[in-house]
Amino acid sequence: MSGVDHGRSGPPESLDEDPDWPLVKGRQLTESGQLSEAISHYQVALAKRPNDPALNLHLGRALMMMDRPGDARAFLRKAISSKGLGPVAWFELGVAEQRCHRLARAAVAYRRSALGRPAWFEAQFQAAQAMLAVGKRSVAIDHARAAADLRPEAPEALRILGVALALTRRFTEAATVFEAWSRVDRRLPEPELYRARVLRLEGDTGAAQAACLKALARRSGHLRSLYLMAKLAIASDDIPKAQIYWHKLAQALPDRGAIKVKLGQILLRREQYSSAKDQARKALGIDRTSAPALALLIQAHLACGEALKARDALSEFDGCSRDESGLAALRAEIARRLDQRIARSAPQVKTRRSAGAAGAPPSRFVPQPREPKHQSSWVSRKQPPRYFPSFDFIDHIRILKALILKDLRIKYRGNSLGIALELLRPTLVIVAHYYLFVLVHKPMPANLPIQTFVIAGFPVWFAFNGALQAGVHGARSAAQAILLPKVSAFHVKLAKASWPVLLNFMFCICASWPLIFFFHQDIPLPNIALSCFIFLLAGSMGFGMGLMSEQLSHKWPIFDIFTKLISWALYVTSGQYFSIMTVQRGWADILWFNPLIHLVEYERHAFDFGYPVAIVNLGYPAAVAVSLLMLALMGKKAARQAALA
Amino acid sequence: MIQLLEVAKSYWKGHDGPKVLFSPASMELPLDCRIGVLGQKGAGKSTLLQMLSGNIPPDHGCVLMPDEVSPVVNSGRLLYPQLSGAENVQFIARIYGVDVERLLIALEAFQATDINFNQPLRLQSIDRRRSLETAMITVLPFDCYLYDDVGFLEPNLLERCFEAAYQRHASVVFSTADPRLVQRFAEFVVVIKGASLYPFHEVEDAVEFFRTNDAPDRN
C-alpha cells in the first residue's frame, strides 16, 4: 500500500485484484456524505487486511467526521506504524485525543507528528498549543518558534510563542515577539496589550503605558486595555490618570460594583469625598453584601468627619456583608470617634474646639522612650545649633569624587564601549588632521613629528572646551544632586568639568604609545608633570570662562551667542593649524593674547624640549585662569548677597 | 530654633503674573518637637521645606536652620533612576562621608524597603523608590529631618522614621494636606493659608483653622 490518493474511474473485478480500490471507494462515499456506508466499506476491507495503515487512517478520519473520536483512536493508533503516514496519523490521533479531553496524550501525539514532519506548520502549531496547555513551556517554545519560522506572517504562532516566553519569564523576548505580532496584525489591540503586560512584568512601566495607549488607539474603549492602563497609572503613582481610566471603565461596565469601588478608592485618595461616597453607594446598590464598597463608604464618611453617617451606613448595609478585618477596624474607629464626640460635647470642653472636631483625630503617634545608646551615638542636642556652617576642604573633595564617579556610572551604564567611544572623537579629529597636514606637506617647526603636533594640540582644546561647556550648562540637568544640602551647582559643574579634562589629559599622555609600540614610529613621549599643569590651566580657564558666561547670560541672554563666538575665535587662533613661531611678527603679536596658544605651544614643548617657546609664557594663561575663576566666584557671591539684601 | 526672618517667596507664572506663596513674615519654630506644615495643594508646602533645606533661597529675608539639615525627603528626585539601589546608596554615602557597608546594614536593620538593590531604580515602582529614599535619609544622622507630602508614604514607615528621629534627638518638619496626619504626628503646626504662615502650638486649633475659612483667633 503506497499512498492514499489515487484516482480511479471504475470498480475492479474483486478486492484482491486492486489493493487501492477500497480506499478510492471509501473516499467517494465520504465525499458524497455517506459516512456510515464509507465506514462499513472500510470495515469490510479491514476484515481482509487488518494491518493496512491507510485503511486504518481513513476509517479513523471517517469516525472523527461522525463525531466518534473515542472509536477513531484505536484505528489511528494502528495507522501510526506506517512510515509515510505516521506524522499524519499522529496528528489525527492528537485531534482525537483533544476531542476526548485527554490533553496530555494529545500533546504527545502532536509532538510526535511535528517531530516526524518538522516542516508541517499545523503540527508544530498544535504541538506548541497543546504543550503550553499541559505546562511544558520550554517544549512549547521550541514548537512555536518552529511554527513562527515556517510561517512568519501567521499571527497565531507569534501569539503562542510570545505567551510561552512570557510564562517562562523571558519578558524581553516575549515583548519582541508581541511587537512582531503587532506588525502582522495592525488592527487588533491584543498584540499591543500583550506587549504592555510583559513590559509591565519586566518593570518598564513607561513603555508598558505607551504600548497600552497604542492598543487603545487601535480600538478605543477596549476594556482590557483600559483596565491595564488604569493599573499602570496607579503603579506609576499617576492618580489623576488612574481616575480617568477607572471612570471610563465604570462607564463601560455600569453593572460592575468592583470597578465602582476602585474608582471610589481613587476619588478618596484625591480627597473627592462626595464623589467617592456616590460610587460606594452605587456599588452597594449593585451588591449589598460588598464589603469593600461598604468600607469605602465608611472611609469617605469618616474622612468628612461624619461619624454618625458612617455608623448609619454600617447599620444599613452591614447586616448582609461578610465580616472582614478592615470592616472590624472601621467599626472600632467609628466607635472611638463617637466616644470622642460625646466627650467633646461635654460642657467643660471649649465650644470652638468641639466644633472643629467633626473629623476627630486618629490615635496619636507616641514614640517609645529614648534609649540611652542612641543618646551617646548621635550628636548631642544640648550643643547650641551652629548657624554658620564650617565646611572643610576635604568635604568638597569628597563631594566632587562622589559626583564624578556617579557621572561616570550614569554616562557609561550598560555600554562597555562607552569610554572607548568617548575617546573616538579626539582620535578621529587627530587622525583626520594628521592626514590633512601630510597631504598639504605642512612644514613642522623644530622638526616636530606631525603626529606629536596634533596629539599635543587638540586634547588641550578639548579639555578647555569641555570645562567651558560644563561651566555654562553643567548644572542644568543635575537637579537631584543639587537637592542635597551642601551640594551646590558649583560642585556639580566642577565635577562635570573634571571629567573632560581628565579624559583628554589621559588621551594626550597615552596616544603616542600605540604609535610607538605597534607602528614603530619614532615619536617622543610627553613630560607628564608639565602636561598635567597645562591641562589644569586649560580646565581652570575653561571653567572660569564658563561660570562667567553663565552669570552674564542670566543678565543678558544674548551672551550665550557671544560665548559661542568667543569659543570659536579662541579655537581658530589657538595654534591647532599653525605655530606662533612661524607666523608673521604682526600676527604673532595679536595671537599672543589668546591664552590657549600658550598652553598648546607649551604642550608641544612638553613632548619635545627642543620645540621653541621663547615667545609664549605659561604665566599669562595662569593669570587669566585665576582671574576668570576669581571674577566668577566674586560675581556669584555678589549675586547671592544682592538677593539677600 | 528654626528662625524665619521676614521670609517672602513668589513665583512668576508667565502671563498670569507673580504668584505670591508667602508674604513677608517672621517666626520661630521649636526644634524639640515634630512640626507639621499643613496646607492645600499648591499652597507652598514643598517650597517652604525646600527653603528650610536651603535649596531654594527666599526672595526676601532669610532662614536660619541648624547646621545638619537633611535633604527634603519624598520629593522623589533625590535618587538617580538610572542607577541601581546599591549605587544610589553608594553615592549618598560618599556625599555624606559615611561608610557604604554601614549604611547598607543600617538600611537593612531599618527594614523599610523591599527594594532590589541590584536593579536600576527606573525599573522599580515609585513606592519602592520613595521608601528607599525615605529610609536612606532617615538612617543618616541629621539635626533636622524634612519630609515632604507624607501622605504618600506608608504609615508604618513614617512611624519608624519619626521614631528614629526622636531616638536621636533630631527634630522633624513634615508637610501634608491631610489634617488627620497632622493630628496624629504633629506637636507644632504651621498652616499655610492665603499666602501667609500661621504657627499653632495646639494641633486641634490648627486643624480647625485649616478647615474653616475664617481668620484665626490669634488671642
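Q: What makes helix α1 of chain B a helix that lies across strands of chain B?
A: In this predicted model, helix α1 (residues 45-53) of chain B lies across β3, β5, β6 (144-147), β7 (171-176) and β8 of chain B. Contact requires C-beta atoms, placed from the backbone, within 7 Å. The helix runs at about 155 degrees to β5(B).

Q: Which strands does helix α7 of chain B touch?
A: Helix α7 (residues 203-211) of chain B packs on the sheet through β3, β8 and β9 of chain B. Its direction makes about 15 degrees with that of β8(B).

Q: Why are β5 and β9 of chain B called edge strands?
A: The sheet has 6 strands in the order β5-β6-β7-β3-β8-β9 (chain B) and is open, with mixed pairing. Strands β5 (69-73) and β9 (196-200) of chain B each pair on one side only, so they are the edge strands. From one strand to the next, the twist averages 15 degrees.

Q: What makes β3 and β8 of chain B a pair?
A: Pairing requires at least two bridges. Strands β3 (residues 34-39) and β8 (residues 188-193) of chain B have 5 bridges, in the parallel sense, and therefore pair. Within β8(B), Val191(B) is the bridge partner of Leu38(B).

Q: What joins β1(B) to strand β4 of chain B?
A: There are 4 bridges between β1(B) and β4 (residues 60-64) of chain B, which run antiparallel; the requirement is at least two. Gln3(B) stands opposite Leu64(B) in β4(B).

Terms used
Residues numbered from 1 in each chain as written. Chains lettered and ligands numbered in written order. Predicted model: local features only at pLDDT ≥ 70, side-chain atom pairs only at ≥ 80, totals over all residues. Helix = DSSP H or I, 4+ residues; strand = E, 2+ residues; numbered from the N terminus. Axes fitted to C-alpha atoms, helices over the stretch in contact; angles between N-to-C directions. Contact = placed C-beta atoms within 7 Å.
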